[in-house]
Amino acid sequence: MIKRIGVLAVAVLMALSAAAFAAPAPVKVAYNPATGNILGFIAIEKGIDKEEGVAMELVPFTNSTDALGALQAGKVDVAVSFGTAAPLTFVTKGADFCIFGGYVSGGMPVYARPDFDYKGMESFVGKKIAVARMYTPDIVWRGAMMRAGYDPSKDCTIMEFKKPADVLAAVKAGKADVGIGTNSTYLQALAGGLKILTWTNDLDPMHVCCRPVCQNSWIKEKPEEVKAFLRAWIRAEAFLLDNQEECVKINEKYLKLDEEQSRIMLLETNQVFESDPKSNGVRYMWELLGKLNYAETEGIDVEKHINAALYKEALDELQQKEPDNKRYKEFAERYVKYNQ
């Protein structure tokens with residue numbers, strides 16, 4: 001009996017040890033609860049993250065500065081819905097960040113009161129323009145003004161705020177003529193009777209927005225963990241493409257919206273959801289930061305802060321498991337276009 005108990009105890013300990021060894025790696029993911037994180041929501045809701053070997057834990061932040069500050073301090077592992085301008089600006093100030101995947105391109109509204117007469121970039125000249133500092137739409141709008149032959153800092157009155165919600169409030173109160181917004185304030189802008197003048201996709205089709213960003217140390221120390229995250233991210237995008245109505249319900253659950261609001265946010269805001277890093281777009285945004293004198297990019301090698309290789313490895317691994325998966329084939333073709 002004693003021998004049996006001993007054998008059983010050893011077996012239990014071995015089982016517990018094996019379970020602990022196989023437990024998915026916890027990954028803390030910072031996101032904006034007003035903007036969302038549909039690929040993360042899908043990965044968690046469908047158990048894809050754990051299947052690939054990571055356990056995503058969502059950590060909410062209401063603005064880019066706080067989220068990226070937490071990332072730099074090691075309080076989170078990944079920041080997702082905080083644009084490209086903000087993490088790249090942090091890089092110019094010494095942060096050892098790395099953009100290693102994709103999430104959203106476009107889908108950021110430019111809005112004003114209903115009587116605003118919009119006829120193109122010239123409509124902004126002489127107006128009070130509210131922007132959220134270090135948010136991608138701000139960079140996109142300034143770049144579009146520059147290409148149209150204007151100097152936004154001289155030809156407009158730019159009102160800078162910390163958060164998109166402050167931009168919305170300024171326009172609604174009549175303190176600003178135009179708001180360069182984010183999708184996090186889109187529903188509130190509509191509810192407040194504002195008019196959508198244009199979208200960032202229309203101002204600049206080349207621009208990319210929210211990218212998964214981490215510290216370079218995570219990639220160096222735990223590349224397999226990063227790839228597991230990316231495999232889950234890629235599978236979540238494939239699920240979104242093939243199950244949009246179910247994803248509306250998932251979005252509704254995590255963002256605590258009603259079904260109509262969830263559908264609008266997910267499917268009707270000009271957002272393009274892609275897991276690909278789109279490193280060419282990131283380089284484009286880096287150059288734009290320099291041209292606009294928005295941040296001091298001189299002397300910094302941006303290539304040290306972009307990693308598309310692990311995404312390709314993660315995608316290759318998924319293709320090896322499912323060689324006939326049409327989505328993975330599409331993603332592989334897209335990778336060449338976006339990164340080479």
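Predicted model: local features only at pLDDT ≥ 70, side-chain atom pairs only at ≥ 80, totals over all residues.

Mentor: Let us begin with I38: apart from neighbours within four places in sequence, I38 is in contact with Y103, L240, C247, N251, L266 and F273.

Trainee: What makes those residues contacts of I38?
Mentor: Contact means heavy atoms within 4.5 Å. Y103, L240, C247, N251, L266 and F273 are in contact with I38.

Trainee: Which residues touch the most other members of the largest nonpolar core?
Mentor: They are I38, I42, F100, Y103 and F229, in a core of 51 residues. Elements that each supply at least two residues of this core include β1 (25-31), α2 (38-45) and β2 (54-60). The helix α12 gives the most, with 11 residues.

Trainee: What else is there besides that core?
Mentor: There is a second, separate core of 48 residues, and A85, A95, I139 and M285 are among them.

Trainee: Why is N37 called buried?
Mentor: Buried means under 20% relative accessible area. N37 has a relative accessible area of 0%, so N37 is buried.

Trainee: Where is N37 found, and which residues does N37 touch?
Mentor: N37 sits in the loop between β1 and α2. Not counting residues up to four places away in sequence, N37 touches V29, Y31, L58, V80, Y103 and W233.

Trainee: Why is α2 described as largely enclosed by the rest of the structure?
Mentor: Six of the eight residues of α2 are buried, so α2 is largely enclosed by the rest of the structure. The buried ones are I38, L39, G40, F41, I42 and A43.

Trainee: What follows α2?
Mentor: G47 does, and its phi is positive, near 75 degrees.

Trainee: Let us step back to the whole chain. How many helices and strands does the protein chain have?
Mentor: The protein chain has 17 helices and 12 strands.

Trainee: How do you know that the protein chain is as compact as a globular protein of that length?
Mentor: The globule rule gives 20 Å for 340 residues, and the radius of gyration of the protein chain is 22 Å, which is close to that, so the chain is as compact as a globular protein of that length.

Trainee: What share of the 340 residues in the protein chain is buried?
Mentor: Buried residues make up 55% of them.

Trainee: And among contacts between residues at least 6 apart in sequence, what share joins residues at least 24 apart?
Mentor: In the protein chain that share is 79%.

Definitions and conventions
Residues numbered from 1 in each chain as written. Heavy atoms only, no water. Core = buried A, V, L, I, M, F, W, Y, C linked by side-chain atoms within 4.5 Å. Buried < 20%, exposed > 50% of the residue type's maximum accessible area, 1.4 Å probe, protein only. Helix = DSSP H or I, 4+ residues; strand = E, 2+ residues; numbered from the N terminus. Rg over C-alpha atoms; globule rule 2.2 N^0.38 Å.
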